Amino acid sequence: MKSTANALLNRLEFPVLLAGLVIAGGLWGLVELMELARATTPHAFDTEILLAFRHAGQPDSPIGPPWLEGAVRDVTALGSTAVLVLITTATILYLLLIRRPSTALFMFAAVAGGQVLSSLLKFEVDRPRPDLVSHLVNETSLSFPSGHAMLSAITYLTLGSLAARFLPDRRTKVFVLCLAVLTTVLVGASRVYLGVHWPSDVLAGWCAGFAWAMLCWLAARLLQRRKVVKDSE
């Protein structure tokens, strides 16, 4: 039994093992956060972090210099539906132009599937937006999970993984993937600063987004290995 397990581990590549761990951790985190989101009163974790972004006793006054609020709005736009659709569409058209139809289909499936999953989770949990502090941008949809956090994770991680396939060395691959993660983190943090999401909403968006992106990557890798999917040259 031990030798079989060792043989299996030896056959597994590190990126595949890491992706599996991310999926498992993301699903576990999402389930735990769903329980927190369904509670009738906000958890102290949520309220303390949300209030930390406001001056003491002034829920309408965000911390930081006057220019910071505008900068955070700019950052949060990187996770907006309009920007992500524009980036995804441009990427798909580019992939079609260079004759990579299956990669274009992978990009579309990853982002569109993530959007559907995000909407289903929002309706399932049915959590209203936080009313503890003022909203610095207008939002009308449900709160859990953060769509900006989830879809930015899916879109930018997918773009990062695609770009890494064409980069020449490991350092540039790591740089691109780290940039994708950093962008995702900044978008999620901006949602809390703007007061339109509980911190647990953003964490859930990250958990679901990272898990979905890694699941799509594993599926594409498996299909490519089995030559079910093959790009035309």
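Select the second largest pocket, which holds about 280 Å³ of space. A pocket here is an open set of points on a 1 Å grid over the protein atoms alone, with protein on both sides within 12 Å along at least five of seven lines, where a 1.4 Å probe fits; lining residues have an atom within 4 Å of a point. The volume is the space filled by probe spheres set on the points. The model is predicted: local features need pLDDT of at least 70, side-chain atom pairs count only at pLDDT 80 or more, and totals for chains, interfaces and linings use all residues. Residues are numbered from 1 along each chain as its sequence is written, and side-chain values use heavy atoms, without hydrogens and water.

Next, display Gln115, Ser118, Lys122, Ser141 and Gly147, the closest to the pocket's centre of the 18 residues that line it. Helices α5 (81-97), α6 (101-125) and α7 (147-164) each give two or more residues to this lining; helices are DSSP runs of H or I with at least four residues, and strands are runs of E with at least two. The most comes from α6, with five residues. Coloured by class, the lining of this pocket shows four nonpolar, 10 polar and four charged residues, where Asp, Glu, Lys and Arg count as charged and Gly is among the polar.

Ser80 counts as buried, at 17% relative accessibility (buried is under 20% relative accessible area, exposed over 50%, partly exposed in between, with a 1.4 Å probe and protein chains only). The side chain of Ser80 reaches the backbone oxygen of Ala77 at 2.7 Å.

Then select β1 (54-55) and β2 (residues 58-62), which pair in the antiparallel sense over two bridges; strands pair if DSSP finds at least two bridges between them. Arg54 stands opposite Pro62 in β2. In the hairpin of these strands, with two residues between them, Gly57 takes a positive phi near 75°.

Finish with aromatic rings: a search of the whole structure finds one aromatic pair. Phe53 and Tyr193 form this pair, edge-to-face, at 5.8 Å centre to centre and 85° between the planes (ring centres within 6.5 Å; planes under 30 degrees apart are stacked, over 60 edge-to-face, the rest tilted). Phe53 lies in the loop between α3 (44-52) and β1, and Tyr193 in helix α8 (residues 170-193), 140 residues apart. Phe53 is partly exposed, at 24% relative accessible area, whereas Tyr193 is buried at 5% relative accessibility.

Note on methods: Rings of Phe, Tyr and Trp (its six-membered ring) pair if their centres lie within 6.5 Å; planes under 30 degrees apart count as stacked, over 60 as edge-to-face and the rest as tilted. A polar contact is a pair of N or O atoms within 3.5 Å; within protein, one must be able to donate a hydrogen and the other to accept it, and residues adjacent in sequence count only if both atoms are side-chain atoms.
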